[in-house]
Amino acid sequence: MLAQGLLILAAVLFLGFTFLRRRSPASFRSIEAYERLNRSVGLAVEDGTRLHISLGRGNLFTARGGSALAGLAMLRRLAERTSVSDRPPVVTSGDASLAILSQDTLQSGYRAAGAEEQYRFSTGRLTGLTPFSYAAGAIPTIHDEHVSTNIILGDLGAESALLAEASDRENANLIAASDNLSAQSIFYASSQEPLIGEELFAAGAYVGAGTAHEASLNVQDILRWLIILGIIVGIVLKIVETLGALI
Amino acid sequence: MLRVFTAALAIAAGIFVLLGYFYPEQLESLRLILVDWAIIIAGIAILVGIFNLAVVQMGKFSTRQKGGMYGLLLVISLFATFAAGVILGPENLYMRLAVDAVIVPVEASLMAILAVTLIYASIRLLRRRVDVVSVLFLVVALIFLFLVMPTPIGPIPGDRAMLDFLGMFSRGGARGLLIGIALGTLLTGLRVLFGVDRPYGGN
């Protein structure tokens, strides 16, 4: 019952805020990593280097698929913005379904930019099906394909350290976020501006993916406050119950 | 027209699967059928993905890109192992040897590299960002390592109490992060269900 209520509330708020944001665009706090990402995209197009986008290995049949879908939403926008580049972005993933979706998303981005003939299916790659084979397959892309910025967004584990290290060796920008706590701590130590927790899901809104992404952030904020309120009420009730038992 | 149809089909399937969780008596069988179909498609997707991997590696080799020879080696190994697996079966001694003597040691060696990489990243953290949070991050990581590592004198007195005390903060932080991630996942799912995000080529 609670889950249904939360879902319906989130859906109603989402639709409401999407409608509202069409009339008045939102202004969000500055997140340095996304500002750097927007700068890097422009620079990559100008200096003829490449973006490498790693979507991790989030299986779409599990709860981990959420981060992969968020990465795909960002990819759609980045593909559109970099479609005129001499070196198109390369997307690597560690899950076959995700790799196919990344190809579809790239193609959609090129089509939206009116440059569908530039699309090559080989730019959306499956590099391995286990965590380490995925990392081992993605590392040569970072080293050998004139990559100036690595964007790692998705479900990864400890193997993310190998990708971060490869990026560092090439002096490339690293923008990284994950839904996995181990990967988050690794990215905290490895990247200049770490993205923590739900900041991963803000990628779409910060790269200009549309009002629905901005509305999502508003709804996330409201739900977060409701949860905080619920936790505080729970604490107060527990204290009252304990005091009542003592008295 | 086709794009609208695929989007409508995907959204309808998503809504039925979601409703199947809330109304299992009415929609459980339909939900299971849809999930079974999706699993079959995902199985085929693995073959498509492996084909994609082989094409990319052969492309590297044929255009004489850096590491192209490794790509060729990978494709030859891939098809040789696949053929041997189909002919001999996955339980065959030689097939198990290929896993135990090649794949497991290679992954273990990557794990060893990972340990070195993580230590190196920790050392460089203070060069990259010197602030209170970074120092706290490193100090807490060192304390945890110190408390859980085996020592020649046996357990350190009070280590369990210290771990429980510090664990209280780290568990709280982790739960906070996970709640945020759950909310993000919920909203991402809603965007897909409402057809705003269409990663299946419908955009």
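## A residue of helix 1 in chain A

In this predicted model, A:R22 counts as partly exposed because 13 C-beta neighbours lie inside 10 Å, a count that falls between the limit of 12 or fewer for an exposed residue and that of 20 or more for a buried one. The residue A:R22 belongs to helix 1 of chain A. Although A:R22 and A:E214 stand 192 residues apart along the chain, their C-alpha atoms are separated by 9.9 Å.

## Helix 9 of chain A

The residue A:E214 is also one of the buried residues of helix 9 of chain A, among them A:A212, A:H213, A:A215, A:S216, A:L217, A:N218, A:V219, A:Q220 and A:L223. These buried residues of helix 9 pack against helix 1, helix 3 and helix 8 (203–206) of chain A, and they also pack against helix 6 (159–193) of chain B.

Helix 9 of chain A is built from 36 residues, and from its first C-alpha to its last it reaches 53 Å, which is close to the 52 Å expected at 1.5 Å a residue.

## Helix 3 of chain A

Helix 3, one of the elements against which the buried residues of helix 9 of chain A pack, is itself largely enclosed by the rest of the structure, because 16 of its 17 residues are buried.

Strand 4 of chain A, residues 147–155, runs parallel to strand 5 of chain A and is joined to it by six bridges; in strand 5, A:S178 is the bridge partner of A:G154.

## Two domains in chain A

Chain A is divided into domain 1, which covers 28–209, and domain 2, which covers 210–247. The centres of these two domains of chain A, taken over C-alpha atoms, are separated by 33 Å. Where the domains touch, domain 1 of chain A gives seven residues and domain 2 of chain A gives six, and the residues on the side of domain 1 divide into five nonpolar, one polar and one charged.

## Where chain A meets chain B

The contact between the two chains takes 55 residues from chain A and 46 residues from chain B. Several elements of chain A give two or more residues to the side that touches chain B, including helix 1 (2–23), helix 5 (131–144), helix 7 (181–190) and strand 3 (124–126). The largest share of that side, ten residues, comes from helix 4 of chain A. By class, the side of chain A that touches chain B holds 33 nonpolar, 13 polar and nine charged residues.

## A residue of chain B

In chain B, helix 1 (residues 2–22) contains B:I15, a residue that counts as exposed because 12 C-beta neighbours lie inside 10 Å. The C-alpha atoms of B:I15 and B:A45, which are 30 residues apart along the chain, are separated by 23 Å.

Notes: Residues numbered from 1 in each chain as written. Chains lettered and ligands numbered in written order. Predicted model: local features only at pLDDT ≥ 70, side-chain atom pairs only at ≥ 80, totals over all residues. Pairing = 2+ DSSP bridges. Helix = DSSP H or I, 4+ residues; strand = E, 2+ residues; numbered from the N terminus. Nonpolar A, V, L, I, M, F, W, Y, C, P; charged D, E, K, R; others polar. Expected span 1.5 Å × (residues − 1). Domains from an automatic or database assignment.
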